[in-house]
Amino acid sequence: MGDHELHPTDEAAAERGRAIVQAAVAQTRAPLALRERIEADRTARRPARRRWALGGSLATGAIAAIVAVVLAVGGGAGTAPTVAQAAALARLGPTASAPAVDPAHPGLLRRSVEGVTYPSWQDQFTWKASGAREDKLDGRRAVTVFYDDPAHARIGYTIVAGKALDEPSGPGRWQGSEHYVVLKRGQRTIVTWRRGGHTCVLSGPASVPSERLLALASWSGTEVS
């Protein structure tokens, strides 16, 4: 986990750590026994508290311990996933190769989630699919396809299975029948919308203008000549 170092003065690294914890919280619940034990410790209000050393970097074991504590005292069962949790998956990076371009439909990739197909942007916008990952958010499939541009910026496009998530508050824009919401979260820009009854989330670094993300999000993949 050398790529997940946290430095107190390094905001970008801290954002990565928060994304890891947030995604882990969304996917897993700690065992009941662990929850009860931590709750008992909190109730007893023991004076001695463990201090976390964040000096040069946060070691793998420390990150795992932080995740375990957050899971133990986190939200209860049945909590619906949020757009922010879906967007956090893009910070974790790909775990599988990129889906191939569909030769019969060059504006689309050979990957979809319950009927919503990922676009191929490499000809229209120069963003090329570079990897993918699949996660669970409160039991739902969440598939993320990553795209890189020639300047080596990376964005993640996540589609969450099941009914659409609650739409967050933020600046909105209608394009055709789709409503897009733009969010700023630390050093990230997020665009979310609904397509085919599902929530789609596009997340990228602040260096990628929101207008660019909106152009990508609103392109259906069927406009290739």
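Residues are numbered from 1 along each chain as its sequence is written, and, the model being predicted, local features need pLDDT of at least 70 and side-chain atom pairs count only at pLDDT 80 or more, whereas totals for chains, interfaces and linings use all residues. Side-chain values use heavy atoms, with hydrogens and water left out.

Helices (DSSP runs of H or I, at least four residues) and strands (runs of E, at least two) are numbered from the N terminus, and two strands are said to pair if DSSP finds at least two bridges between them. An open sheet is formed by three strands in the order β1-β2-β3, with antiparallel pairing. The edges of this sheet are taken by β1 (101-102) and β3 (116-119), each with a single partner strand, so one side of each is left without a neighbour in the sheet. Two bridges join β1 to β2 (residues 105-113) in the antiparallel sense, and V101 stands opposite L109 in β2.

Antiparallel pairing is also found between β7 and β8, here over four bridges, with R173 opposite Y180 in β8. Two residues lie between the strands of this hairpin, in which G176 takes a positive phi near 65°.

In helix α5 (residues 210-218), the buried residues (under 20% relative accessible area, with a 1.4 Å probe and protein chains only; exposed is over 50%, and partly exposed in between) are L213, L214, L216 and A217. These residues cover an arc of only 165° around the axis, which puts them on the same side of α5; the arc is that of the directions from the helix axis to the C-beta atoms. Among the elements that cover the buried residues of α5 are β6 (154-160), β9 (188-195) and β10 (198-205).

Nonpolar cores were defined as sets of buried Ala, Val, Leu, Ile, Met, Phe, Trp, Tyr and Cys residues joined through side-chain atoms within 4.5 Å. The largest has 29 residues, and W121, Y147 and L202 have the most contacts inside it; its largest share, four residues, comes from α5. With contact taken as heavy atoms within 4.5 Å, and leaving aside neighbours within four places in sequence, W121 is in contact with T126, W127, Y147, I155, Y157, L202, L216 and W219. A second, separate core of twelve residues includes A86, L165, L183 and I190.

In strand β9, R188 is buried, with a relative accessible area of 11%. Not counting residues up to four places away in sequence, R188 touches A90, R91, L183, S203, G204, P205 and A206.
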